[in-house]
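Hi everyone, thanks for making time for this. I'd like to walk you through one model, so let me put it on the screen.

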Amino acid sequence: MISIVRKAIDAIKYFITELQQLFIFSAGMIEKVFRRPVYLYETFEQMHFIGVGSLYLVVLTGIFAGQGMAIQFSYELADLGSKNYLGRVLAIAIVRELGPVLTGLMVAARVASGITAEIAAMVSSNQIDALRSFGVDPVRKLAIPRMISLVVMVPILTILADAIAIIGGWIVAMFIAHVSSTLYWANVMDKLRFGNLAIGLIKPIAFSFVIAFISCYKGFTTRGGTRGVGQSTTSSVVLSSITILLVNFLITKLIISLFRGYL
């Protein structure tokens with residue numbers, strides 16, 4: 001019993017220590033954004049890797065998720081005699097929740113693992129130490145371009161996922177639910193208000209910082225050679241995904257509590 005308590009205490013201490021180190025590392029990243037030099041080539045390279053490389057994932061996820069939700073909502077609304085409101089329900093669900101969360105999770109699964117693995121491999125092969133020996137700040141050169149790229153590309157990917165998902169819902173509404181195209185799009189446009197769009201853009205920006213902070217931190221703190229690289233990559237994806245879901249809940253609760261009348 002005593003050993004179990006000690007293990008629990010050690011786990012709590014480890015979690016608090018890691019959280020503290022992550023916070024310090026993240027604050028340092030934010031502070032270094034405003035310093036020179038600016039690595040434009042690395043930033044655009046990462047934008048291509050994150051944006052173009054994740055495009056097919058976002059498109060496939062958006063269209064199938066939108067169609068799946070449209071089918072489920074159409075049957076439920078039909079039982080209530082409200083099938084004509086399918087566009088309104090889908091627009092709210094996709095723009096506020098489905099698009100940002102699915103995009104964040106897909107990008108985290110693909111990009112967080114890549115960022116962590118790349119930086120961790122450089123740590124294991126002493127390339128980070130080589131950069132420091134040449135007077136180059138590795139966080140400034142490796143982490144900041146990735147963070148900026150995520151902040152720019154994840155909202156763009158989210159907008160694309162929203163559009164694709166709504167189009168997928170329109171296909172279901174037309175050919176399965178038998179809702180007229182004009183009525184569907186009129187209901188969709190009625191719910192594309194500033195408040196809903198703001199929620200749909202605030203979330204991916206927050207998710208971008210989550211992915212950048214966790215993946216870069218896990219990469220730079222990797223220990224234990226190739227085995228440590230694998231462990232850091234796995235924990236990076238898991239922590240990013242869980243934190244995205246937690247941040248999504250907190251943002252949703254905060255915004256709806258404060259701006260209920262504007263949504």
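I'll talk about aromatic rings, then a loop glycine, and then the cavities.

Just so it's clear, this is a predicted model.

Let's start with the rings. The count comes to five aromatic pairs. Take Phe 25 and Phe 220: the ring centres are 5.8 Å apart and the planes sit at 45°, so we call this pair tilted. What I like here is the sequence separation: Phe 25 belongs to helix H1, residues 2-32, and Phe 220 to helix H8, residues 194-220, which puts the two 195 residues apart. So, buried or exposed? Phe 25 has 15% relative accessibility, and under 20% counts as buried, so Phe 25 is buried. Phe 220, at 11%, is buried as well. Tyr 217 joins in too, as ring pairs link Phe 25, Tyr 217 and Phe 220 into a cluster.

Now a pair of tryptophans. The rings of Trp 170 and Trp 185 have centres 6.1 Å apart, again with planes at 45°, so this pair is tilted. Trp 170 sits in helix H6 (residues 138-175) and Trp 185 in helix H7 (residues 181-191), so the pair ties together parts that are 15 residues apart in sequence. Trp 170 is partly exposed at 28% relative accessibility, and Trp 185 is partly exposed at 30%.

One more ring before we move on: Arg 110 lies over the face of Phe 49, 4.5 Å from the ring centre.

Next, the glycine. Where is Gly 135? You'll find Gly 135 in the loop between helix H5 (127-133) and H6. Gly 135 is exposed, with a relative accessible area of 68%. Its C-alpha atom is separated by 42 Å from that of Lys 7, which is 128 residues away along the chain.

Which element gives the most? That would be H4, with four residues. By class, this lining has five nonpolar, four polar and no charged residues.

The second largest cavity holds about 40 Å³. Its lining includes Tyr 39, Arg 140 and Pro 145. Here the largest share, four residues, comes from H6. This lining divides into five nonpolar, one polar and one charged.

That's my tour, and I'm happy to take questions.

Definitions and conventions. Residues are numbered from 1 along each chain as its sequence is written. This is a predicted model: local features need pLDDT of at least 70, side-chain atom pairs count only at pLDDT 80 or more; totals for chains, interfaces and linings use all residues. Side-chain values use heavy atoms; hydrogens and water are left out. Rings of Phe, Tyr and Trp (its six-membered ring) pair if their centres lie within 6.5 Å; planes under 30 degrees apart count as stacked, over 60 as edge-to-face and the rest as tilted. Buried means under 20% relative accessible area, exposed over 50%, partly exposed in between (1.4 Å probe, protein chains only). A charge sits over a ring if NZ of Lys or CZ of Arg is within 6 Å of the ring centre and within 35 degrees of the ring normal. Ala, Val, Leu, Ile, Met, Phe, Trp, Tyr, Cys and Pro count as nonpolar, Asp, Glu, Lys and Arg as charged, and the others, Gly among them, as polar. On a 1 Å grid over the protein atoms alone, a cavity is a set of points where a 1.4 Å probe fits but cannot get out, and a pocket is an open set with protein on both sides within 12 Å along at least five of seven lines; lining residues have an atom within 4 Å of a point. Grid points are joined across faces, edges and corners, and a volume is the space filled by probe spheres set on the points.
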